[in-house]
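The sequence and structure come before the details.

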Amino acid sequence: MGRILKPRDVEAAVRGGSVFACGGGGWADHGRELGTLAVTIGRPELVQVDELDADDWIATAAAIGAPGGLTDWQMLGVDYVKAVQLAQQALGQPIAGLIIGQNGMSSTLNGWLPAALLGTKVVDAVGDLRAHPTGDMGSLGLAASTEPMIQSAAGGNRERHAYIELVVRGATARVSPVLRKAADMAGGFIASCRNPMRASYVRQHAALGGISTALALGEAILAAESRNATSVVDAICRQTGGSIIASGKVVRNTLRYTEEAFDIGVIQIGSGAAAHLLHVMNEYMAVDDAHGLRRASYPDVITTLDEQGNPLSAGQLHEGQEVLVFHIPKTLIALSSSVTDPSVYPKVESALGIELSRYALAQGGA
């Protein structure tokens, strides 16, 4: 049975989503704003994909851009609604449900406001349990498909006259960069609705239960906060099966914003034999130790926490700051078809100058 999302769920979604944000995934305050609007103005309902008919249309509600705080972006709740309306108009049929491309500080809540206002359902499935840099990585295995798809976007900095609306059609890998360029032109962040597909396809290719997983983690964090910081970190590890793989001071952060609306760079935590390098493309994509040994690699969950257990975005980290590096191996999380699609890796590997696909496509762990 469906679950009406309530005010308590907003904070749980932000807290749990922030862990799965992996250093990116939007903004906590933006997520609170979206969620509060949704549960105040309507009654968004979280449903399992099996509660929809196999032929119902489901689309992905997503924010596109660089979440590191290096741009002058503006995104309003109405932009998420407009993006869904544009996609629905282009499709010519009702969109029955919305999934999200990824969990994150705000992206876990991307479908809530459109659902509250338009009557679509929030479907408990995700394109990727953790946050990732490219739309292809949350496209449910469609990145290499030649089938024309619909993608829409809306948003932008109004004061700078950068507001944009667009609808594009074409193969996913061809049109996704168009929306990313629009995000850059709009100020670095834009709301989108993409790739309407049948519920039967989502059931087969998505990471099912992804939103409820974030909610459960958030509830565990909120319950632990009444004790102490150690309890919060322990609760995150216990709820997910993850662990702290490194800790220390931030030595350097080379993160920079690119014209493709990515934040790219390397963050070093600790020095000497205790040093760890975090490779960032919007999100943490890999962790290498001082000897070049890969300690964690996408699609593992990789997150930086402060000493109180609060997740930190990559753009927040500054020299001298004490942080923990949290890790969940891919064997402990739900994976979508996107993760096993070889075509999604070359662009990211080229941008970072590291290998990702060998581990991501291997069976089991490292």
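His276 has Asp289 in β14 as its bridge partner. The two strands concerned, β13 (residues 276-281) and β14, run antiparallel and are joined by six bridges; strands count as paired if DSSP finds at least two bridges between them. Strands here are DSSP runs of E with at least two residues, helices are runs of H or I with at least four, and both are numbered from the N terminus. One residue separates the strands in the hairpin of β13 and β14, where Asn282 takes a positive phi near 65°.

Asp288 has Arg294 in β15 as its bridge partner. This hairpin has four residues between its strands, and Gly292 in the turn has a positive phi of about 85°. Strand β14 (residues 283-289) is largely enclosed by the rest of the structure, because seven of its seven residues are buried. Buried means under 20% relative accessible area, exposed over 50%, and partly exposed in between, with a 1.4 Å probe and protein chains only.

## Basis of the values

The model is predicted: local features need pLDDT of at least 70, side-chain atom pairs count only at pLDDT 80 or more, and totals for chains, interfaces and linings use all residues. Residues are numbered from 1 along each chain as its sequence is written, and side-chain values use heavy atoms, with hydrogens and water left out.

The largest nonpolar core has 22 residues, of which Leu5, Leu46, Leu109, Trp112, Val122, Ile211 and Leu215 touch the most other members. At least two residues of this core come from each of α1 (7-20), α2 (28-41), α4 (112-118), β5 (121-126) and α7 (210-224). A second, separate core holds 19 residues, including Val19, Cys22, Ala224 and Leu324. A nonpolar core is a set of buried Ala, Val, Leu, Ile, Met, Phe, Trp, Tyr and Cys residues joined through side-chain atoms within 4.5 Å.

Helix α7 has 15 residues and spans 22 Å from its first C-alpha to its last, close to the 21 Å expected at 1.5 Å a residue; the expected span is 1.5 Å times one less than the number of residues. Among the buried residues of α7 are Gly210, Ile211, Ala214, Leu215 and Leu217. Not counting residues up to four places away in sequence, Ile211 touches Leu46, Ile100, Asn103, Thr108, Val122, Val123, Asp124 and Val126. Contact means heavy atoms within 4.5 Å.

## Salt bridges

The structure holds 13 salt bridges, each defined by a side-chain nitrogen of Lys or Arg within 4 Å of a carboxyl oxygen of Asp or Glu. Glu219 and Arg3 meet in one of them (3.3 Å, N to O). The pair links distant parts of the chain, with Glu219 in helix α7 and Arg3 in strand β1 (residues 3-4), 216 residues apart. Glu219 is partly exposed at 33% relative accessibility, and Arg3 is partly exposed at 31%. Lys347 and Glu260 form another salt bridge, with the closest N and O atoms 3.3 Å apart. Lys347 lies in helix α9 (residues 346-352) and Glu260 in the loop between β11 (256-257) and β12 (263-269), so this pair ties together parts that are 87 residues apart in sequence.

Glu11, Arg15, Asp29, Arg32 and Glu225 are linked in a network of salt bridges. Within helix α2, Arg32 and Asp29 lie three residues apart, about one turn of the helix, and their closest N and O atoms are 3.1 Å apart. Arg32 is partly exposed at 26%, whereas Asp29 is exposed at 60%. Arg15, in helix α1, makes a side-chain polar contact with Glu11 (2.7 Å). Leaving aside neighbours within four places in sequence, Arg15 is in contact with Arg32, Gly218, Ile221, Leu222 and Glu225.

## Asp306

Asp306 is in the loop between β16 (301-305) and β17 (311-312), and counts as buried at 15% relative accessibility. A polar atom of the Asp306 side chain lies 2.9 Å from the backbone nitrogen of Gln308. The backbone nitrogen of Asn310 also lies 2.9 Å from a polar atom of that side chain. A polar contact is a pair of N or O atoms within 3.5 Å; within protein, one must be able to donate a hydrogen and the other to accept it, and residues adjacent in sequence count only if both atoms are side-chain atoms. Beyond its neighbours within four places in sequence, Asp306 is in contact with Leu312, Glu322 and Leu324.
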